Amino acid sequence: MNVKAELLRLLPRKGWIGLGAAALICFLVPILNSVTAPGSAAHVPDYLVALIGKFLCFAIVAVAMDLLWGYTGILSLGHGVFFALGGYAMGMYLMLSIGEAGVYRSKLPDFMVFLDWKELPWFWKPFGNFGFALVAALLGPGLLAYVFGFLAFRSRIRGVYFSIITQAFTYALMLLFFRNETGVGGNNGLTNFKRLYGYSLAESSTKLGLYTLSAVGLLVVFLLCRFIVVSKAGRVLCAIRDEESRSRFAGYNPTSYKLFVYTLSAVICGFAGALYVPQVGIINPSEFQPSSSIEMAIWVAVGERASLLGGVLGAFVVNGAKSWFTVALPEAWLYVLGVLFIAVTLFFPGGLASLILRKKAAT
Amino acid sequence: MHDAAAAATARRVAVATEAQLAPCMNKEATMRARPLRGHGLLLAVPFGRATILLIVACLLWFAAVAPAHAALDPALLTQLGTDDPDVRVATVRKIGASGDARAAVVLQAIANDSLAIANGRAVIVSGGNVVDAATGEALGATPANLETIVVNNRLRGELDSALAGLKLSSPDRETRLGAAKELQASDNEDLLPILQAALAKESDPGVKAILQLAAASLGLKSSDPEQRLQAAKALSASDDPQLRQILSTLLTKQKDGSYPEADEHVRIAAQTSLDEINRRLRTVELGVSLFTGLSLGSVLLLAALGLAITYGLMGIINMAHGEFLMIGAYATYVVQGLFRAYLPGAFSWYVIAALPVAFLVTAAIGMALERGVLRWLYGRPLETLLTTWGISLLLIQASRTVFGAQNVEVENPSWLSGGIQLAGGLVLPYNRIAILGFALAVLAAVWLVINRTRLGLFVRGVTQNRAMASCTGVPTNRVDMLTFGLGSGVAGLGGVALSQIGNVGPDLGQSYIVDSFMVVVLGGVGKLAGTLAGAFGLGLLNKLLEPVAGAVLGKIVILGLIILFIQRRPQGIFALKGRAAEAM
């Protein structure tokens, strides 16, 4: 019974039902893709599976952003960095696992042959190991976030100031990764992957597996963040968001709380990046662009801040709109995105989730 | 008559040797001093005897030098008829180096295929006339056994450089310039004395520079180590980067381990000259990189100044600030188009007309933005950030729709093209200089508005204490609007300046937004002096790091340094104190 009480504290009964329903829909997608015949009404085509898989990764990022911005009040405009670093760690592993199946039939990744490099740079070597790559995808962003966050929060950089600094941070890394000499593919990034842990990435079973992993990952991340939010620490986070000075005077140390949340969200983003790259088959420095990071913030704002579900919703809606517009009306997409930014802050500060879910509460 | 010409030739050769030693010394003085210096002892002898001795000495001297440099020797000319191409080339070189008045005529005749050998005598055939090549004496009827000289490509090349050598004494500047350029490519070392002599006489700096280059590169190719040594030494006085190139090629080891220059003494002299040139140019280059740093600083200042007003004074995070720069640049483009269409006569002044246009357009858009959107978001900086980002996306896409996704062309007016030439081929462009001055002028104007006008007083009052300012009757809403308009207008002015040095396209603003915020953050929010220090500090640091770390790494290092700097001084170089700091 104690377990039940704990679970109910984590999510209300309705929430569990909703979560179960959402999970069911998520897992129905691969089943409908593999079981039903192509062409039948219930069939989910391959491209849609890949697209939803991609959105699931974005949703993981959105949950992390929401934990950081919605609950702790830290608007990071540089979370693309952690997402991309996780992606690069996985990309480096995938690059090495190509072996000699590349265009140049060399043991080295193609871009190194192209640049006339004779041997693997030292920092590439351990990425031949899948376990190491996974750990690097999680701990690399975590470590970077810890150092950066430590420097920033210690000197009490907050609010907009912090946002601007993080934007400069992602801008600097973008410049770094665009260089060929940095050694991770420069402008073109890493691509043409073949195999992940022995499974061919071209196989639809591998794709479904990755999709399922992403869905499970989202579920786990969501519950983890939910757990933090409803805990006592979560209350402190909200207190810091609302009145940082007052919570400091009340005896809490905002720096360590902020550092914890910032680092955790970076690790989650790295995880999402590592899941994202094998599904889309490419990672390049454009992920470091300030605009990609700021789009992550808009997912959360469109969904609902301080509601993890809102983040997931926002990620799906914004990216769904983006996928549709960039195909159907590429010229109009930036207008839509721009209006979205303005409208959501001016007219719907609660976001979509509040419009849908809380309508009854308002009346 | 003949003797006088020979003496003149001999003296010219002597001068040439002297000039080789120090081509940059005063050539006129060298010319006058040389004949005397060589005979210093003789000056003590009574005048009459001295003159005689001098003449005798000159004649002896002439006799010693004469064989190679005689007035055209008929025997020499007949050598042109031999079958051996090497002999023919050598002959052409000798003719070119003779300095004789007939040389040009003969060489031209060879080039025109009108020189022939008849009865062991070189003749020039033009139409029905036949003249003796060496003397110009008419020979009357065409001899029967004419043998035309074969001119192949190699010989033609030699002819060209020999003729160029002769053209160096032309009174026409363009002819000399062309001839000097021609000689740079030559490797006929016989021409060296002529070149040296021409160098001594040359007064035009442009021609002189090229002559020096030609003389030095010829000297370095000479087969005589002594000549090469002199040339290498002489080069230390030059500033031309091409000469550095030539010198360092000499000193670079080839694949087989040998040097292009075999003689060690020459290598040492070349190294010394190279060091000397580098030392001198380094000062100039340091000055130039200082200037480019200041220039980058002025660009940053223009980009960040508007932000210093909207963010620094009002506390509004305007992510669309870069797009105001872009609008200013496009306004310049439009004004340029209007001038081209309606006022082509005054085209070079379109930039001046673009300034008020850009200011008014961006200020109007800024004020509309403030009234329409931003005022609803006061006190919610993060929301302001997202909203203005959305606005920037709208403006970027709108400019794509209106002007197209490609960059548009904005032309520098004539008075902003070109620049000040410095030693070593370095240039300070006028447009950069103008922007430096313009940035400082705009800064001064903004300072005056903020500190010396009624509006400025209101702005400062509202910044410090909005409620109190409102109580004393300051129309805070209108002040907000005007302040934001001022900041946006200044960004528009910055856009005019940016259009003169970079690409004008929809993404122009995006490349400046991070830098502009860094300037304001580094300088200290709310202080114009801080913006000035931040902009020039970043500009100089960037340009000083660039040669060491490369452009991209330099930028990354700087961003890292800013983050570390903020550790020490979170409020920037110039921190606000007291209440105002809390309000930020």
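pLDDT is the predictor's confidence in each residue, from 0 to 100. The views below show a predicted model.

View 1. Across residues 62-70 of chain B, pLDDT stays under 50. The model has 13 contacts for this stretch beyond four places in sequence. Chain B as a whole averages a pLDDT of 78, and 81% of its residues score at least 70. Residues 3-45 of chain B have a pLDDT below 50. Beyond near neighbours in sequence, residues 3-45 make 60 contacts in the model. Where pLDDT is low, the predicted coordinates should not be read in detail. For the complex, the predictor gives an ipTM of 0.89 and a pTM of 0.73.

**View 2. Helices H15 and H20 of chain B.** Two packed helices are described by the angle between their axes and the distance between the axes. H15 of chain B spans residues 350-372, and H20 of chain B spans residues 476-499. Their axes come within 7 Å and cross at roughly 140°. The crossing of H15(B) with H20(B) is right-handed. In this contact, 15 residues are nonpolar, eight are polar and three are charged.

**View 3. Strands E2 and E3 of chain B.** E2(B), residues 121-126, runs antiparallel to E3(B), residues 129-132. Four bridges join the two strands. B:Val123 stands opposite B:Asp132 of E3(B).

View 4. B:Val130 faces B:Gly140 of E4(B) as its opposite residue. Five residues lie between the strands of the hairpin, where B:Gly136 takes a positive phi near 85°.

Note on methods:
Residues numbered from 1 in each chain as written. Chains lettered and ligands numbered in written order. Predicted model: local features only at pLDDT ≥ 70, side-chain atom pairs only at ≥ 80, totals over all residues. Axes fitted to C-alpha atoms, helices over the stretch in contact; angles between N-to-C directions. Left-handed = near helix turned anticlockwise from the far one by under 90°. Nonpolar A, V, L, I, M, F, W, Y, C, P; charged D, E, K, R; others polar. Contact = placed C-beta atoms within 7 Å. Pairing = 2+ DSSP bridges.
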